[in-house]
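Here is a short briefing on a single protein chain. Please keep the sequence and the 3D view open while reading.

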Amino acid sequence: MNFNNKGYVTQGYMNEIPKVVQLMISSMLHKRIESKKEVDYLQVFKLIRERSFDGAIYQKIVHKQEQPPMEDVYCLVTDEAVNETVFCIDDGDHHTFLLSREY
């Protein structure tokens, strides 16, 4: 899958994932696509709200796919960090960002 088709987001994703985190997720997906490595139809983004040793809040994002196995981790300093799992699914016609519980 190439995720270069029309994209959609669910209400849950739009309302519950902060915009700065949405932008980071999109950037991570595009980075994977541009790497010219194989991209699975299902991309998983595990969002974890964490606090650093100095008290700063940050968003840890673990980006995974099953085939071929891949995992990248990014951190973003933001007070809007959340705990959630986001799926991005490409069915060939379009791709959709949704919360895992909306699947």
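Glu84, Val86, Cys88 and Asp90 point one way from E5, Thr85, Phe87 and Ile89 point the other way, and all are buried. Buried means under 20% relative accessible area, exposed means over 50%, and partly exposed lies in between (1.4 Å probe, protein chains only). In a regular strand the side chains alternate between the two faces of the sheet.

This is a predicted model, in which local features need pLDDT of at least 70 and side-chain atom pairs count only at pLDDT 80 or more, while totals for chains, interfaces and linings use all residues. Residues are numbered from 1 along each chain as its sequence is written, and side-chain values use heavy atoms, with hydrogens and water left out.

- Seven of the seven residues of E5 are buried, so the strand is largely enclosed by the rest of the structure.
- Strands (E, at least two residues) and helices (H or I, at least four) are DSSP runs, numbered from the N terminus.
- E2 (residues 42–51) and E5 (residues 84–90) run antiparallel and are joined by six bridges.
- Two strands pair if DSSP finds at least two bridges between them.
- Across from E5, Val44 stands opposite Phe87, and Gln43 stands opposite Cys88.
- E5 also pairs with E6 in the antiparallel sense, over five bridges.
- In that pairing, Cys88 stands opposite Phe97 in E6.
- The hairpin of E5 and E6 has three residues between the strands, and Gly92 takes a positive phi near 95 degrees there.

- Six strands form an open sheet in the order E1-E6-E5-E2-E3-E4, with mixed pairing.
- E1 (6–9) and E4 stand at the edges with a single partner strand each, so one side of each is left without a neighbour in the sheet.
- Neighbouring strands of this sheet are turned by 20 degrees against each other on average, direction ignored.
- Helix H2 (residues 19–34) packs on the sheet and touches E2, E3, E4, E5 and strand E6 (94–99).
- Contact here means heavy atoms within 4.5 Å.
- The direction of H2 makes about 35 degrees with that of E3.
- Axes are lines fitted to C-alpha atoms, for helices over the stretch in contact, and angles run from 0 to 180 degrees between N-to-C directions.

**Salt bridges**

- A salt bridge is a side-chain nitrogen of Lys or Arg within 4 Å of a carboxyl oxygen of Asp or Glu.
- By this rule the count comes to three.
- Glu16 forms a salt bridge with Arg101, with the closest N and O atoms 2.3 Å apart.
- This pair links distant parts of the chain: Glu16 lies in helix H1 (residues 11–16) and Arg101 in the segment after E6, 85 residues apart.
- Glu16 counts as partly exposed, at 39% relative accessibility.
- Arg101 also meets Glu84 in a salt bridge (2.6 Å, N to O).
- Here Arg101 and Glu84, the latter in strand E5, are 17 residues apart.
- Glu84 counts as buried, at 15% relative accessibility.
- Shared partners join Glu16, Glu84 and Arg101 into one network of salt bridges.
- Glu71 and Lys64 meet through their side chains in a salt bridge (3.8 Å, N to O).
- Glu71 is partly exposed at 49% relative accessible area, and Lys64 is partly exposed at 38%.

**A cis peptide bond**

- The peptide bond from Gln67 to Pro68 is cis, with omega near -15 degrees.
- Pro68 lies in the loop between strand E3 (57–65) and strand E4 (70–77).
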